[in-house]
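This report describes the structure shown below, beginning with a term required for its discussion of side chains.

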Amino acid sequence: MALSLKPGVLFEEIHERIVEALPILERIYASFGKTLVITSARDGKHMAGSLHYEGKAIDLRTRDFTPLQRQEVHFECQNQLGVDFDVVLEKDHIHCEFDVP
């Protein structure tokens with residue numbers, strides 16, 4: 001799997017559904033000729049109640065995509081991960097969370 005973690009990313013105690021999503025996300029990124037880079041998991045500063053702190057959310061790098069590719073990658077991530085995931089295209093990353101209790 002072509003996956004990379006930004007230095008400092010805390011990728012421990014990640015929910016199994018996020019781990020299961022990684023090959024899907026990697027394939028999507030690879031289809032655009034890019035490596036999947038996780039820029040945040042259980043680390044960083046997020047809003048109160050963020051699923052990052054529970055290991056149910058990750059952020060994905062998008063700086064290597066054109067604006068149109070960012071939208072396409074966002075669509076593919078949401079489409080392929082399905083309704084149990086919320087995938088949000090942010091200004092500088094894609095936020096992906098497993099949003100089922």
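## Accessibility and a link between loops

A residue is called buried under 20% relative accessible area, exposed over 50%, and partly exposed in between. Arg-42, at 24% relative accessibility, therefore counts as partly exposed. In this predicted model, Arg-42 forms a salt bridge with Glu-13, with an N to O distance of 3.2 Å. The pair links distant parts of the chain: Glu-13 lies in the loop between β1 and α1, and Arg-42 in the loop between β2 and β3, 29 residues apart. Glu-13 is exposed, at 66% relative accessible area.

## Confidence

The chain has a mean pLDDT of 90, with 97% of its residues at 70 or more.

## Sheet and helices

An open sheet of 5 strands has the order β1-β2-β3-β5-β4, with mixed pairing. Strands β1 and β4 form its edges, each pairing on one side only. Strands β3 (residues 57-61) and β5 (residues 93-98) are antiparallel and share 5 bridges; Ile-58 has Cys-96 in β5 as its bridge partner.

Helix α1 (residues 16-31) lies across β1, β2, β3, β4 and β5, at about 15° to β3. Helix α2 lies across β4 and β5, at about 175° to β4.

## A salt-bridge network

The model contains 4 salt bridges. One of them joins Arg-17 to Glu-20 at 3.5 Å, N to O; both residues lie in helix α1, 3 residues apart. Arg-17 also forms a salt bridge with Asp-84, at 3.3 Å between the closest N and O atoms. Asp-84 lies in the loop between α2 and β4, 67 residues from Arg-17. Through shared partners, Arg-17, Glu-20 and Asp-84 form one network.

Terms used
Residues numbered from 1 in each chain as written. Predicted model: local features only at pLDDT ≥ 70, side-chain atom pairs only at ≥ 80, totals over all residues. Heavy atoms only, no water. pLDDT = per-residue confidence, 0-100. Pairing = 2+ DSSP bridges. Helix = DSSP H or I, 4+ residues; strand = E, 2+ residues; numbered from the N terminus. Contact = heavy atoms within 4.5 Å. Axes fitted to C-alpha atoms, helices over the stretch in contact; angles between N-to-C directions. Salt bridge = Lys/Arg side-chain N within 4 Å of Asp/Glu carboxyl O. Buried < 20%, exposed > 50% of the residue type's maximum accessible area, 1.4 Å probe, protein only.
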